Structures are given as C-alpha cells and as structure tokens.
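Subject: Structure handover

Hello,

Here is the structure you asked about. Please open it and keep it in view while you read the notes below.

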Amino acid sequence: MNCIIVDDEPLAREGMLLQLQDIAGLTVIGSFNSAKKARAFMEENKVDLIFLDIQMPGTTGLDFAATISGETLVIFTTAYSQYALQSYEVEAVDYIVKPVKKERLLKAVQKAIGYNALLTGQNAQMESMDAEFMLIKSERRYHKIMFKDILYIEGLKDYVVIYIEDNKIITAMNLKTIHNHLSAGMFSRVSKSYVVNINHIDSFDNHTIFIKNTEIPIGDVFRKEFLDLYLGKDLSGKL
C-alpha cells in the first residue's frame, strides 16, 4: 500500500516515518506539513492510506478527511483523545493517540491493509433481503447470511463491511440503506459508522460497546435510541 504522512510537526513526521519503514506492506511516498500540500500531491498520485494529524493550521485533519475519496483510507494520529468519535464520523480506519507506540501502530496498519484488500478485491453485491437473511453474490456464488449471525456492520466510505464471527464481507451499499432493511428489534444504529446486533453485545458503557475484541463507539445522537432498544427504557442518565 502507498501511504503518506500529514502532520504539521516535523519531529512527529520523522518519528512516524521511522516506524513505518519497518512495516511490511507499506511504502511511504510522501510527507507533508499541511492538508493543502497533501491534497495537491494526491491529485497527481495514488494514495491508499493517510496517517493524518487533526489539529493543524489551515484545514484540520477532520475537515480534510471529510473530502477524501472512498479509495483512500485514513488513520488519525493525534495528541488529543477527545476527537476519537468524530474520527469515526468521517469513516477513519483507526485513531491513534500520540505518542504512537509501535504495537498500536502495527495493529492499525494491519486493519488498514485488511480493508484495502477487501476494497481492491471487492466484487460482492447485494442480491436480495428476506425477513431473516440476505443474499450476497460474490465470485459467481450466492452467500446466504443469516441476520442473527451478524455481529455488527461498519460503514467504510462507499461500502459496508458485514462482520460474521471470523469472517467479513464487503459490499457496495450505504449504511443507512442496509440498516433500514434490518430488523429494528435486533439491530441498532449506534454511530454514523456502525450498526450492531444487540444480541451479540458482550458489555457496554456510556461511550463504547464491546463485541468480542472490538470496541465500537456510541455517538451522542444515537445513545438514547440504543439504550431504549437494548434496555427497554431510558437509562442514559444513569451510566
């Protein structure tokens, strides 16, 4: 994957470059101190992944990410943890708080590489939906996906990623569209980027849902609806 670094701090860019050079599967093709310079570079060059700071002079990382096409993935690297939920609203792959630790960086990169492989090899398409399952066509075969087996669904740019136990399937569809076809009693939209199957939730707090090893953020505007569905009554003020 071709990647670039966008950060207004020279030392942060250099540190990130040193860490990325040791990770197989990545090629750093540019390093920039502003979104403006990165955007100009991307107009002439294919970029698969951006390591992007948030607080920068001029265009912020969040504003820049909102303009990036679905073909380019984003991992935020920032000193400020309070922007984590906003990062998912612009469909970032991951959010790393500085100082960046190597093991945390590697985890984020592996996630991005997996998504990139899905996107570049994506040829699945939704064929139909029934009351209890959906049919997805991939590589000349039809796959029957039972709704009860879906753990959660993630919106990723112009696609959705459907997670089923140890498998995931990506298909071109808007997250809102697929959510509207799912059982309202089983699935809850919990943020701009996630729909969860409430039957597979292991635990949650006021900000995060835990399903197996995945942490899913709860958006402020979706919290009450989720709690009402999951608990049967409004307990949002007690968490």
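First, a definition: helices here are DSSP runs of H or I with at least four residues, and they are numbered from the N terminus. Keep in mind too that this is a predicted model.

**Helix α7 and what follows**

Start at helix α7, residues 223-231. Which of its residues are buried? They are Arg223, Phe226 and Leu227. Viewed down the axis of α7, these buried residues fall within an arc of 95 degrees, so they line one face of the helix. They pack against β12, β14 (203-204) and β15. After α7 comes Gly232, with a positive phi near 85 degrees.

Strand β12 (residues 187-189) holds Ser188. Is Ser188 buried or exposed? Its relative accessible area is 2%, and buried means under 20%, so Ser188 is buried. Setting aside neighbours within four places in sequence, Ser188 is in contact with His179, Tyr194, Val195, Val196, Ile198, Phe226 and Leu229. Phe226 is also one of the buried residues of α7.

An α-helix has 3.6 residues a turn, so residues three or four places apart point the same way.

Now look at helix α1, residues 10-20. Its buried residues are Arg13, Met16, Gln19 and Leu20. They cover an arc of only 130 degrees around the axis, which puts them on the same side of α1. The face turned away from that buried side carries the exposed residues Pro10 and Leu11. What covers the buried residues of α1? The cover includes β1 (2-6), β2 (27-32), β3 (49-52), β4 (73-78) and α5.

Helix α2 spans residues 35-42. Ala35, Ala38 and Phe41 are buried there. Their arc around the axis is only 125 degrees, which puts them on the same side of α2. They pack against β1, β2 and α3 (61-65).

**The nonpolar cores**

The largest nonpolar core has 40 residues. Which of them touch the most other members? They are Leu20, Leu26, Leu49, Phe51, Leu73, Leu105 and Ile209. Helix α5 gives the most to this core, with seven residues.

Leu73 is worth a click. Leaving out neighbours within four places in sequence, Leu73 is in contact with Met1, Asp48, Leu49, Ile50, Val93, Ala112, Tyr115, Asn116, Leu119 and Leu156.

**The largest pocket**

How much space lies in the largest pocket? About 1,000 Å³. It is lined by 34 residues, and the closest to its centre are Lys107, Lys111, Asn213, Thr214 and Glu215. Several elements give two or more residues to the lining: α4 (84-89), β5 (94-97), α5 (102-120), β9 (152-156), β11 (167-172), β15 (208-211) and β16 (214-217). Helix α5 gives the most, with five residues. By class, the lining has 15 nonpolar, seven polar and 12 charged residues.

**Glu154**

Glu154 is in strand β9. At 2% relative accessibility, Glu154 counts as buried. Not counting residues up to four places away in sequence, Glu154 touches Tyr115, Tyr159, Val160, Val161, Tyr163, Leu175, Ser193 and Tyr194. How far apart are Glu154 and Ile216 in sequence and in space? They are 62 residues apart in sequence and 9.5 Å apart in space, C-alpha to C-alpha.

**Backbone details**

Most residues other than glycine have a negative phi, and most peptide bonds are trans. Here are some exceptions to look up.

- Glu91 is not a glycine, yet it has a positive phi of about 60 degrees. Glu91 sits in the loop between α4 and β5. Glu91 is partly exposed, with a relative accessible area of 23%.
- Lys212, also a residue other than glycine, has a positive phi near 55 degrees. Lys212 is in the loop between β15 and β16.
- The peptide bond from Lys98 to Pro99 is cis, with omega near 0 degrees. Pro99 is found in the loop between β5 and α5.

Best wishes

Key: Residues are numbered from 1 along each chain as its sequence is written. This is a predicted model: local features need pLDDT of at least 70, side-chain atom pairs count only at pLDDT 80 or more; totals for chains, interfaces and linings use all residues. Side-chain values use heavy atoms; hydrogens and water are left out. On a 1 Å grid over the protein atoms alone, a cavity is a set of points where a 1.4 Å probe fits but cannot get out, and a pocket is an open set with protein on both sides within 12 Å along at least five of seven lines; lining residues have an atom within 4 Å of a point. Grid points are joined across faces, edges and corners, and a volume is the space filled by probe spheres set on the points. Ala, Val, Leu, Ile, Met, Phe, Trp, Tyr, Cys and Pro count as nonpolar, Asp, Glu, Lys and Arg as charged, and the others, Gly among them, as polar. A nonpolar core is a set of buried Ala, Val, Leu, Ile, Met, Phe, Trp, Tyr and Cys residues joined through side-chain atoms within 4.5 Å. Buried means under 20% relative accessible area, exposed over 50%, partly exposed in between (1.4 Å probe, protein chains only). Contact means heavy atoms within 4.5 Å. The arc is that of the directions from the helix axis to the C-beta atoms.
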